[in-house]
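Subject: Structure for you to look at

Hello,

Please find the structure below. My notes on what was found in it follow.

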Amino acid sequence: MEALLCKKLGDPASASVGNESESSSSPIEVIRNYPIPQLNSPTAVRVKVKATSLNYANYLQILGKYQEKPPLPFIPGSDYAGTVDAVGPAVTNFKVGDHVCSFAALGSFASFIVQDQSLLFGLPKGCDLVAAAALPVAFGTSHVALVHRASLSSSQVLLVLGAAGGVGFSAVQIGKVCGAVVIAAARGAEKVQFLKSLGADHVVDLTSQNLTASVKGFLKSRKLKGVDVLYDPVGGKLTKESMKLLNWGAQILVIGFASGEIPVIPANITLVKNWTVHGLYWGSYSIHRPAVLEDSIQELLSWMEKGLITIHISHTYSISEANLAFSALRDRKAIGKVMIVFDDMGRPKL
């Protein structure tokens, strides 16, 4: 099978992907004849992967800057969708040919993956497998953050930073499903138009507008006091500026640090203003609260089927173009999700 192997730490966007017959300075290499994984338990299921999603965590992991550091070499990758290829003798939930999606700690950047049946989610026939592969991590992160942790309601104002990225655009949509007033921040006219098309009530173009002034002007026009929930996958100076907009009793959802800078949230201001700060490491729920993840993804699949949320695919690539995929992610070219698709020579949709 084809698999993308991380053999050393480094920037996967920095050079062309290597292979067995061609050396490269890239930390990642495509192995064309990697062993197909075998069923490892009676309830194991092998899935032929159709598509797998790139998340910023995958990029950080190959750089060696993620909180979990697997031993080298490893196959990166987390969420995916595909078709059941083989099942163990005790599998009761799935049969060969079923369409499924799921997520894993590692291993989805390969044409086959094995997981226990309890970790798979069935998909209806005719479901877009590429879209389904983009759902678990990005939309799962936003759903757990906004619905489970913040209990976002229709009476609240939500501010989403990095709103055109993978987790950001999912937070905008989930905010609208919850009935909240959604303010989105992004950079560039194309991203602004995209976010407006998703139903954002107000969009700040950070290339030409000041976040504080723009948001305060909008809040005044709606006779609103401030922001109730801050969804922050960016960090850095933007977090500090956003804190000026928060209401008494607001909630801060710490999702990530795409800016590369970890912000300081002053404890004294948190105390005086009665803020609640939620750290959200979505992947750890699979260990500590797996039922929360299961319920979350089931609800998201239901929303997707009903058309309440839309999975926007920004770029698709083949496995041999993984460096270009990571480049699109690193350089913030993506509006929505970046995907690796098997059996297709995917070219970027620009």
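What percentage of the 350 residues in the protein chain do buried residues make up? The share is 57%. Bear in mind that this is a predicted model, and that every value here is computed from it.

Overall fold. The protein chain contains eleven helices and 16 strands. Its radius of gyration is 20 Å, close to the 20 Å that the globule rule gives for 350 residues, so the chain is as compact as a globular protein of that length. Along the principal axes, the C-alpha atoms fill a box of roughly 60 × 45 × 35 Å. If you take the contacts between residues at least 6 apart in sequence, 68% of them join residues at least 24 apart.

Cysteines. The structure has zero disulfides. A disulfide needs two cysteine sulfur atoms within 2.5 Å. For Cys127, the closest cysteine sulfur is in Cys101, at 7.5 Å, which is too far for a bond. Cys127 counts as buried, with 16% relative accessibility, because the limit for buried is under 20%. Cys6 is buried too, and its relative accessible area is 0%.

A pocket. The second largest pocket has a volume of about 160 Å³. Its lining consists of 13 residues, and those nearest the centre are Pro37, Gly107, Phe112, Ile113 and Val114. By type, the lining of this pocket divides into eleven nonpolar residues, two polar and no charged.

Regards

How values were computed:
Residues are numbered from 1 along each chain as its sequence is written. This is a predicted model: local features need pLDDT of at least 70, side-chain atom pairs count only at pLDDT 80 or more; totals for chains, interfaces and linings use all residues. Side-chain values use heavy atoms; hydrogens and water are left out. Buried means under 20% relative accessible area, exposed over 50%, partly exposed in between (1.4 Å probe, protein chains only). On a 1 Å grid over the protein atoms alone, a cavity is a set of points where a 1.4 Å probe fits but cannot get out, and a pocket is an open set with protein on both sides within 12 Å along at least five of seven lines; lining residues have an atom within 4 Å of a point. Grid points are joined across faces, edges and corners, and a volume is the space filled by probe spheres set on the points. Ala, Val, Leu, Ile, Met, Phe, Trp, Tyr, Cys and Pro count as nonpolar, Asp, Glu, Lys and Arg as charged, and the others, Gly among them, as polar. Helices (H or I, at least four residues) and strands (E, at least two) are DSSP runs, numbered from the N terminus. The radius of gyration is taken over C-alpha atoms; the globule rule is 2.2 Å times the number of residues to the power 0.38. Contact means heavy atoms within 4.5 Å.
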